[in-house]
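User: I would like to learn how to read side-chain contacts and backbone features in a model. Can we go through one together, feature by feature?

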Amino acid sequence: RSSAFNCFRHGICQREEGKDPVIEGVAIVTEQETVLYEGSDWREIEVIDPACITKEVIDNEDIKLNLLHQRSASFARSNKREGTLNLDTREDGLHFSTPVPDCDLGTRAKALIDNGTYTGCSFEFWPQDYSVEERDGKDGKKEYVVRHTKFARIGAITIGMDPAYEQTSVGLREMYRETHNEETPEQKQE
C-alpha cells in the first residue's frame, strides 16, 4: 500500500523521506461536529473553532508528541530550541510531522502505524472560552454542542487508536483534569 493510501485511510501515516521515516497526520480538526458522548436520549457534540489553533497560538506552545496519552512515552516536541515536531495550521486543522526517532518509542510507533493498530490522534488541552448550544437532534435526542473558541493551553498530541473524529482520525480526548481541577505536570513541578 502506498503512503498516500495509508494517510487518507488512517489520518496518520509513516512515509519515507530519503532513508529517514517520518510520521505525519492531522491532530486537531476544526469546524467539524463530533459526537463525544451519547446516552439514550442525549448526546454531547464538540466543535473546535480555527481560532483555537492559529499560528500565533501554536508558536507559543511546547507541544509534546506521545503514545496513548503517556507523558513517559513522549518522543518529539515542538519547542524552538530542540524541537523535532513540526506543526502546520491549515484551514481544516492542525497538521504535524516528525522524523521517527531511533529509539524504542519510534520503532513501536512506526510499526503500529504501519500495521493499522494506531489509527489516529488525540490531543491534550485546557479549555478557556467556549459556548454551549442546546438543540433537538433529528432523531429527537437532546444535543449539547460545545464550541471551543479559545484554549488556555495545548499540552500534547498523542498517537493512538479508536479516533472520535473520523473525518481526520483525531481521537477522543480525556478532559478528566479539567473537570477535576488537577494541575498539569508542569504546574506540579513548580
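Analyst: Start with the rings. This is a predicted model, and it holds 3 aromatic pairs.

User: How is the pair of phenylalanine 123 and phenylalanine 125 classed?

Analyst: Two values matter: the distance between ring centres and the angle between ring planes. Planes under 30 degrees apart count as stacked, and those over 60 as edge-to-face, with the rest tilted. Here the centres of phenylalanine 123 and phenylalanine 125 lie 5.3 Å apart and the planes meet at 35 degrees, so the pair is tilted.

User: Are phenylalanine 123 and phenylalanine 125 buried or exposed?

Analyst: Both are buried. Phenylalanine 125 also pairs with phenylalanine 151: the ring centres are 4.5 Å apart and the planes are at 35 degrees, so this pair is tilted too. Phenylalanine 125 sits in strand β9 and phenylalanine 151 in strand β10, so the contact ties together parts 26 residues apart in sequence. Phenylalanine 151 is buried, as is phenylalanine 125.

User: Which residues do the ring pairs link into a cluster?

Analyst: Phe123, Phe125 and Phe151.

User: In which sense do β9 and β10 pair, and over how many bridges?

Analyst: For paired strands, read the direction, then the bridge count. β9 and β10 pair in the antiparallel sense, over 16 bridges. For one example of a bridge, take cysteine 121: its partner in β10 is isoleucine 159.

User: What does glycine 140 do in the hairpin of β9 and β10?

Analyst: Check phi at the turn. The hairpin has 5 residues between its strands, and glycine 140 takes a positive phi near 90 degrees there.

User: Which residue other than glycine has a positive phi near 55 degrees?

Analyst: Glutamate 31. Glutamate 31 lies in the loop between β2 (20-29) and β3. Its relative accessible area is 42%, so it counts as partly exposed. Leucine 68 is another case: its phi is positive, about 50 degrees, although it is not a glycine. Leucine 68 belongs to the loop between β5 (64-67) and β6 (70-77). With 34% relative accessibility, leucine 68 is partly exposed.

User: Now charges. How many salt bridges does a search of the whole structure find?

Analyst: First the general idea. Side chains of opposite charge can pair when their charged atoms come close. The search finds 16 salt bridges. One of them joins lysine 141 to glutamate 38, with the closest N and O atoms 2.7 Å apart. Lysine 141 is in the loop between β9 (120-136) and β10 (142-160), and glutamate 38 is in strand β3 (residues 34-38), so the pair ties together parts 103 residues apart in sequence.

User: How accessible are lysine 141 and glutamate 38?

Analyst: Read each partner separately. Lysine 141 has 17% relative accessibility and counts as buried. Glutamate 38 is partly exposed, at 44%.

User: Which residues are linked in a network of salt bridges?

Analyst: Look for charged residues joined through shared partners. Glu33, Glu38, Arg43, Arg135, Asp139, Lys141 and Glu143 are linked in this way.

User: How far apart are the closest N and O atoms of aspartate 88 and arginine 90?

Analyst: The gap is 2.8 Å, and the two form a salt bridge. Aspartate 88 is partly exposed at 34% relative accessibility. Arginine 90 is partly exposed at 46%.

User: What about lysine 142 and glutamate 134?

Analyst: They also form a salt bridge, with the closest N and O atoms 3.6 Å apart. The cut-off is 4 Å, so the pair counts. Lysine 142 is partly exposed, with 26% relative accessible area. Glutamate 134 is exposed, with 53%.

User: One last residue. Where is aspartate 162?

Analyst: In the loop between β10 and α4 (176-180). Aspartate 162 is exposed, with a relative accessible area of 66%. Compare sequence and space as well: aspartate 162 and cysteine 121 are 41 residues apart in sequence and 8.8 Å apart in space, C-alpha to C-alpha.

Notes: Residues numbered from 1 in each chain as written. Predicted model: local features only at pLDDT ≥ 70, side-chain atom pairs only at ≥ 80, totals over all residues. Heavy atoms only, no water. Salt bridge = Lys/Arg side-chain N within 4 Å of Asp/Glu carboxyl O. Helix = DSSP H or I, 4+ residues; strand = E, 2+ residues; numbered from the N terminus. Buried < 20%, exposed > 50% of the residue type's maximum accessible area, 1.4 Å probe, protein only. Phe/Tyr/Trp six-rings, centres within 6.5 Å; stacked < 30°, edge-to-face > 60°. Pairing = 2+ DSSP bridges.
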